[in-house]
Amino acid sequence: MGAGGRDFHDFNTVFREDDSVEVVAFTAAQIPGIAGRTYPPSLAGARYPDGIPIRPEAELAEIVRAEGVDTVVLSYSDLSHEEVMHKASRVLAAGADFHLLGPQATMLEATLPVIAVTAVRTGCGKSPTSRRIGSLLRAAGHRVGLVRHPMPYGDLEAMRVQRFATLEDVDLARPTIEEREEYEEPVALGMTVYAGVDYAAVLELAQSESDVLVWDGGNNDLPFFRPDLHLVVVDPLRAGDEARYHPGEANLLRADVVVVNKVDSAPPEQVREVLRTVAAANPFATVVTARSHVTLDPGPSLAGKRVLVVEDGPTLTHGGMACGAGTVAARQEGVGELVDPRPFARGSIATVFASYPHLGRVLPAMGYSAQMLLDLEATIEAAKADVVVTGTPIDLARLLETTSPIRRARYELREVGRPTLADALAPLLRLLQRPAAFATGLR
């Protein structure tokens with residue numbers, strides 16, 4: 001059971017070469033349009049000459065009964081603990097075992113130091129944390145390979161191993177908005193980004209060109225590479241979620257460093273609640289507090305204007321957030337009216353609003369396909385806002401044609417007080433000065 005990423009990795013690392021197991025299907029959820037494909041023979045291996053079908057999760061019980069399935073493996077992330085058990089109940093009712101794979105079975109070993117950045121929920125601030133760490137490592141003179149959690153929503157064979165060193169590389173891959181959001185900023189900062197489907201091959205390439213690897217996680221998933229330093233980002237705007245979601249709570253319990261982000265925008269009592277939870281769950285972790293510093297690119301004034309805010313899609317949808325950096329920036333600039341996009345939603349965007357009723361006066365930047373991007377553009381045009389503010393990590397103006405001017409909100413992680421991320425990285429930076437010692441087992 002997956003969402004186009006962790007499921008393929010679990011298959012590749014645990015089941016692909018196991019002669020005692022026959023994998024009869026993947027099921028797909030969370031991401032629109034990823035079912036109905038086939039995991040191709042070139043990736044599935046010699047035991048699967050026809051590949052493996054990828055079917056909608058709604059067909060799970062039917063698959064279990066028709067194929068005589070013994071075991072169903074849950075292989076995706078950012079699910080509440082309650083939702084995990086609802087899925088387990090469906091599996092048990094159909095007659096199969098319900099299984100979770102652990103880190104020992106699924107993490108790959110690198111020959112270089114690995115810093116992993118994960119979170120307890122989608123939208124906590126992993127990407128700006130990864131960028132901050134990458135910048136510190138580059139400032140210390142190291143070649144940084146940033147390995148991104150998979151987002152293989154297109155041609156799986158073509159996406160087996162991906163490498164992005166320039167914005168031109170990103171454009172040539174024809175990525176979705178969701179992929180661009182994770183690739184463009186690190187590349188602009190001088191990091192090489194790696195991603196794909198077969199992470200043993202991704203790791204081989206990345207470590208041949210780098211001094212240190214930064215694992216940039218997706219959702220709240222566990223790392224695919226065994227980390228030498230594991231940072232986990234928590235979000236006091238959603239206080240309590242750090243102990244209510246799978247596998248985010250496991251990340252919190254395993255963390256070497258916990259980054260408590262957004263302390264400037266969350267209510268103080270919620271920040272205190274999260275700090276208490278962290279101290280109780282993982283008292284030996286280093287705790288770094290940070291804020292998400294939001295700035296707005298130059299452009300038309302927002303004062304007294306009708307403004308449409310476009311925010312990061314996954315953060316709003318399965319991340320459960322009601323708003324993001326774009327809304328914060330618009331309010332800082334004295335926006336007159338936040339335009340409600342729901343009456344203007346077109347096509348797949350209208351479906352997104354129907355699926356996520358918590359969304360209000362904010363437009364999720366959904367772009368998992370070319371059609372979704374067209375629907376997003378049509379929705380923006382229909383709203384006829386005076387100004388559009390985008391809070392996504394990419395420059396949406398490069399991808400959309402609109403008659404409304406667009407101003408881009410940017411956000412970066414900034415530590416508050418001590419310890420800082422540089423303090424947390426210091427022992428590993430000293431180790432990087434002794435690569436021979438690392439290679440011979442100091443790890």
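This is a predicted model: local features need pLDDT of at least 70, side-chain atom pairs count only at pLDDT 80 or more; totals for chains, interfaces and linings use all residues.
Residues are numbered from 1 along each chain as its sequence is written, and side-chain values use heavy atoms, without hydrogens or water.

The side chain of N282 reaches the backbone oxygen of L252 at 2.9 Å. N282 sits in the loop between α11 (268-281) and β15 (286-296); helices (H or I, at least four residues) and strands (E, at least two) are DSSP runs, numbered from the N terminus. N282 is buried, at 9% relative accessible area. Buried means under 20%, exposed over 50%, partly exposed in between (1.4 Å probe, protein chains only).

## H142

H142 lies in the loop between α6 (126-139) and β8 (144-148). Its relative accessible area is 10%, so H142 is buried. Beyond four places in sequence, H142 touches L137, D211, V212, L429, L432 and Q433; contact means heavy atoms within 4.5 Å.

## Helix α14

In α14 (residues 347-355), S348, I349, V352 and F353 are buried. Seen down the helix axis, the buried residues fall within an arc of 150 degrees, so they line one face. The arc is taken from the directions from the helix axis to the C-beta atoms. These buried residues pack against β18 (363-365) and α15 (370-383).

Note on methods:
A polar contact is a pair of N or O atoms within 3.5 Å; within protein, one must be able to donate a hydrogen and the other to accept it, and residues adjacent in sequence count only if both atoms are side-chain atoms.
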